[in-house]
Amino acid sequence: MHHEHETQAIGTDKRGKMKYRHVVRDLVIDNSGDATSEDLRFKIEHVSAEAYPFHLDADADDDGWVAVGDLTEGSQRSWTCFPLVRRADVQVATTWLEGGKP
């Protein structure tokens, strides 16, 4: 799992400093194992007392878990994810089954 981001130069400001815009800001979950991850779910949790809001382009349940479903070996899924105010220190918890077992 990783956070992928990519920026693109869009010119300079009035002082000559380069300006950028974000073109990719994704949370990516990879299945690098040799079996399908069944009923994969993930949850983003803040790790600091300052819980700055963030945008996640996915629907979470009431407890904050996002249901992904099955993720076959060698595949990946991604969701747009970025802080709305400042840098947000978070951790991502995941759960899944392999062959019907945790």
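Strands, and helices where a chain has them, are runs assigned by DSSP and numbered from the N terminus.

**Figure 1. The whole protein, shown as a predicted model.** The protein holds zero helices and seven strands, and read along the sequence these elements follow the pattern β-β-β-β-β-β-β. Because its radius of gyration is 17 Å, well over the 13 Å that the globule rule gives for 102 residues, the protein is more spread out than a compact globule. Its C-alpha atoms fill a box of roughly 60 × 30 × 20 Å along the principal axes.

**Figure 2. Glu 4 and the residues it touches.** Glu 4 has its place in strand β1, which covers residues 2–12. Leaving aside residues up to four places away in sequence, Glu 4 touches Val 24, Arg 25, Asp 26 and Val 28. Although Val 24 lies 20 residues apart from Glu 4 along the chain, the C-alpha atoms of the two are separated by 6.9 Å. Glu 4 counts as partly exposed because its relative accessible area of 37% falls between the 20% and 50% limits.

**Figure 3. The salt bridge between Glu 45 and Lys 43.** The count of salt bridges comes to one, and in the pair formed by Glu 45 and Lys 43 the closest N and O atoms are 3.9 Å apart. With a relative accessibility of 26%, Glu 45 is partly exposed.

**Figure 4. Surface and charges of the protein.** The protein exposes about 7,300 Å², of which carbon and sulfur atoms supply 44%, while 18% of its 102 residues count as buried. The mean positions of its 12 positive and 19 negative charges are 15 Å apart.

Conventions. Residues numbered from 1 in each chain as written. Predicted model: local features only at pLDDT ≥ 70, side-chain atom pairs only at ≥ 80, totals over all residues. Heavy atoms only, no water. Helix = DSSP H or I, 4+ residues; strand = E, 2+ residues; numbered from the N terminus. Buried < 20%, exposed > 50% of the residue type's maximum accessible area, 1.4 Å probe, protein only. Contact = heavy atoms within 4.5 Å. Salt bridge = Lys/Arg side-chain N within 4 Å of Asp/Glu carboxyl O. Rg over C-alpha atoms; globule rule 2.2 N^0.38 Å. Areas by Shrake-Rupley, 256 points an atom, 1.4 Å probe, with all protein chains shown as cover. Lys, Arg positive; Asp, Glu negative; His and termini not counted. Charge placed at Lys NZ, Arg CZ, Asp CG, Glu CD.
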